[in-house]
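Student: I have a new structure to read. Please show me how to go through its features.

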Amino acid sequence: MMKFAPVALAAVLALTTGGCAHAPRAAAPATPAGAPAAAAALPAPASGADADDNLNAVAWSQRADEHDLIYLQTFRDAQEKILKAKQDPTWDALPKDDRAAHPSLKGLKPAVILDIDETVLDNSPYQARLVRSGGEYNEAAWAAWCKEAAARPLPGALAFTRFAADHGIAVFYISNRARDLDEATLANLRSAGFPVAGKDAFLGLGTVVEGCEQAGSEKSCRRQRIGAHYRVLMQFGDQLGDFTSVPGNTREGRSRAMAPYTAWIGERWFVLPNPTYGSWEPALFDNDFELSRPERRQKKVDALRIN
């Protein structure tokens with residue numbers, strides 16, 4: 001999904017961003033005699049007060065075989081089921097509110113909808129840069145990373161999307177990347193090898209859908225636009241908002257939004273893991289970005305279950 005890291009989500013929720021700078025890092029120790037010169041360039045280990053909460057999440061995303069296997073498992077499972085879904089004229093993966101805008105499935109061509117970030121493209125290098133620098137998400141640095149168009153495909157995503165396209169199933173990508181990143185995003189998808197039928201295959205933030213008013217970064221209008229011409233066989237994402245609208249970003253509100261669709265998980269909706277960022281995180285501190293970074297962290301600690 002789009003970078004639903006704190007600043008981006010704050011804009012979605014019409015909240016101001018908050019946070020405090022990291023404490024200065026300890027100076028790196030002198031390079032021992034005879035040690036490689038490159039060692040002097042390595043950052044000093046973070047002190048306890050300076051530790052980054054995202055380190056383990058990013059390290060897992062990049063280095064754990066389990067991460068890659070979950071992606072392969074998810075896309076392979078979907079690939080095994082998609083032709084059966086295509087053959088069933090009643091099969092549709094749009095949430096009920098989105099399908100209500102165009103209720104008839106008769107004559108609609110088959111399609112799949114995929115989020116981009118942490119669903120088909122791996123942006124963990126950007127997160128790794130934040131961990132190393134001690135910084136937090138910001139729009140400028142995120143845009144610069146996107147314009148590099150260097151994000152790699154996530155395991156299984158290429159094989160699945162190519163399989164779908166080869167079997168006459170339209171592949172759509174919906175992302176909440178800012179509009180000025182459209183060309184870079186399309187370039188990245190194409191260079192990574194994803195099937196992109198044309199510009200209309202990518203619906204970014206700011207896509208105008210006639211007769212539908214989009215609230216913030218919700219994807220409902222864009223799903224409806226696809227649903228006007230296509231029967232959506234499957235949806236893929238790493239955030240709840242990739243599948244349906246979530247009116248209240250609270251733990252309770254998120255659960256309510258998904259409750260009608262739990263039977264669709266692993267059948268029509270395929271959820272991928274993202275421990276590094278997402279709307280789940282601010283739900284733990286009441287979406288209050290006025291809080292400082294330590295205050296937000298304490299709210300997350302307080303939300304932990306200990307039994």
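The dialogue below takes the features in turn.

Tutor: This is a predicted model, where local features need pLDDT of at least 70, side-chain atom pairs count only at pLDDT 80 or more, and totals for chains, interfaces and linings use all residues. Residues are numbered from 1 along each chain as its sequence is written, and side-chain values use heavy atoms, with hydrogens and water left out.

Student: How many helices and strands does the protein have?

Tutor: Helices (H or I, at least four residues) and strands (E, at least two) are DSSP runs, numbered from the N terminus. The protein has 11 helices and 7 strands.

Student: What share of the residues is buried?

Tutor: Buried means under 20% relative accessible area, exposed over 50%, and partly exposed in between, with a 1.4 Å probe and protein chains only. Of the 307 residues in the protein, 47% are buried.

Student: And how do I read contacts along the sequence?

Tutor: A contact means heavy atoms within 4.5 Å. Take contacts between residues at least 6 apart in sequence: 76% of them join residues at least 24 apart.

Student: Where is the kink in α3 centred?

Tutor: The bend at a residue is the angle between axes fitted to the seven residues ending there and the seven starting there. In α3 the kink is about 35 degrees, centred on Lys81.

Student: Which residues of α3 are buried?

Tutor: Start with the general idea. An α-helix has 3.6 residues a turn, so residues three or four places apart point the same way. In α3 the buried residues are His67, Tyr71, Thr74, Phe75, Ala78, Ile82 and Ala85. Their cover includes α2 (55–63), β1 (109–114), α7 (157–166), β6 (230–237) and β7 (269–271).

Student: Why is α9 called largely enclosed?

Tutor: Helix α9 (residues 220–227) is largely enclosed by the rest of the structure because 7 of its 8 residues are buried. Among them are Cys221, Arg222 and Arg223. The buried residues of α9 pack against α4 (96–99), β1, β4 (170–174), β5 (202–203) and β6.

Student: Which cysteines form a disulfide?

Tutor: A disulfide is a covalent bond between the sulfur atoms of two cysteines. The cut-off here is a pair of cysteine sulfur atoms within 2.5 Å. The structure holds 1 disulfide. Cys212 and Cys221 form it, with their sulfur atoms 2.0 Å apart. The torsion about the S-S bond is about -80 degrees, so this disulfide is left-handed. Cys212 is partly exposed at 22%, whereas Cys221 is buried at 4%.

Student: At what angle do α2 and α5 pack?

Tutor: Two packed helices are described by the angle between their axes and the distance between the axes. Axes are lines fitted to C-alpha atoms, for helices over the stretch in contact, and angles run from 0 to 180 degrees between N-to-C directions. α2 and helix α5 (residues 124–133) pack at about 145 degrees, with axes 10 Å apart. The contact is made by Leu55, Val58 and Gln62 of α2 and Ser124, Pro125, Gln127, Ala128 and Val131 of α5.

Student: Where does Asp286 lie?

Tutor: Asp286 lies in the loop between β7 and α11 (293–302). Asp286 has a positive phi of about 60 degrees, although it is not a glycine. Asp286 is exposed, at 55%.
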